[in-house]
Amino acid sequence: MKAGNIGLWIIAAVFAWAGWIILDVSRAPSGGTSSSISAVKTSKVPVLVEFYADWCGPCKAVGPVVNQLAGEVSGKAQVIRINVDDASEAANEHGIRSIPTFIAFKNGEEVRREVGAISKSLMLEMLGL
């Protein structure tokens, strides 16, 4: 590399970095996270929220159980899954440091929190069912 080209390399690196930042900021979050979080605050029934990630082994193991529970408690409670990779702000807002993390809400207030792949019976207990 010639000494005269260093300036061009620096300019190219700055443009690449700026392009990456613009691309990252302009990407819209997926999964309807803001509406899910507002549902927690306004729900008249208990809500169980699972914070998970697609790459997480324990999350993958417990995911089908969470989905089955959601169908079983329909009308009596609400079950929401939030992907921390798509909703990092929601995860930070709720102090998520490990996944999966389950948080039970009643009347918009957190009443219980469990970390790890928990059993269906514990999920029901968290919901008060």
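Visitor: Which residues does Val49 touch, not counting residues up to four places away in sequence?

Guide: Val49 touches Val40, Ile80, Ile82, Thr101, Phe102, Ile103 and Phe105. Each of these is called a contact because heavy atoms lie within 4.5 Å. This is a predicted model, in which local features need pLDDT of at least 70, side-chain atom pairs count only at pLDDT 80 or more, and totals for chains, interfaces and linings use all residues. Residues are numbered from 1 along each chain as its sequence is written, and side-chain values use heavy atoms, with hydrogens and water left out.

Visitor: Which residues touch the most other members of the largest nonpolar core?

Guide: They are Val49 and Phe51, in a core of 17 residues. Two or more residues come from each of β1 (47-52), β2 (78-83), α4 (88-93) and β3. Strand β1 gives the most, namely four residues. There is also a second, separate core of 14 residues, with Leu48, Val62, Met123 and Leu127 among them.

Visitor: What makes a set of residues a nonpolar core?

Guide: The name applies to buried Ala, Val, Leu, Ile, Met, Phe, Trp, Tyr and Cys residues joined through side-chain atoms within 4.5 Å. In soluble globular proteins, nonpolar side chains tend to be buried together.

Visitor: What does the side chain of Thr101 reach, and at what distance?

Guide: The side chain of Thr101 reaches the backbone oxygen of Ser98 at 2.4 Å. A polar contact is a pair of N or O atoms within 3.5 Å; within protein, one must be able to donate a hydrogen and the other to accept it, and residues adjacent in sequence count only if both atoms are side-chain atoms.

Visitor: Where is Ser43, and why is Ser43 called buried or exposed?

Guide: Ser43 stands in the loop between α2 (33-42) and β1. Its relative accessibility is 11%, so Ser43 counts as buried. Beyond residues up to four places away in sequence, Ser43 touches Gln78 and Asn107.

Visitor: What can be said of Leu122 in the matter of burial?

Guide: Leu122 has 19% relative accessibility and so counts as buried. Leu122 is part of helix α5 (residues 120-127) and touches Arg112 and Glu114, with residues up to four places away in sequence not counted.

Visitor: How many helices and strands does the protein have, and what makes a run of residues a helix or a strand?

Guide: The protein has five helices and four strands, in the order α-α-β-α-β-α-β-β-α along the sequence. Helices (H or I, at least four residues) and strands (E, at least two) are DSSP runs, numbered from the N terminus. In the loop between α4 and β3 lies Pro100; the peptide bond from Ile99 to Pro100 is cis, with omega near -5°.

Visitor: How do you know that Arg81 lies over the face of Tyr52?

Guide: A charge sits over a ring if NZ of Lys or CZ of Arg is within 6 Å of the ring centre and within 35 degrees of the ring normal. Arg81 is placed over the face of Tyr52, at 4.0 Å from the ring centre.

Notes:
Buried means under 20% relative accessible area, exposed over 50%, partly exposed in between (1.4 Å probe, protein chains only).
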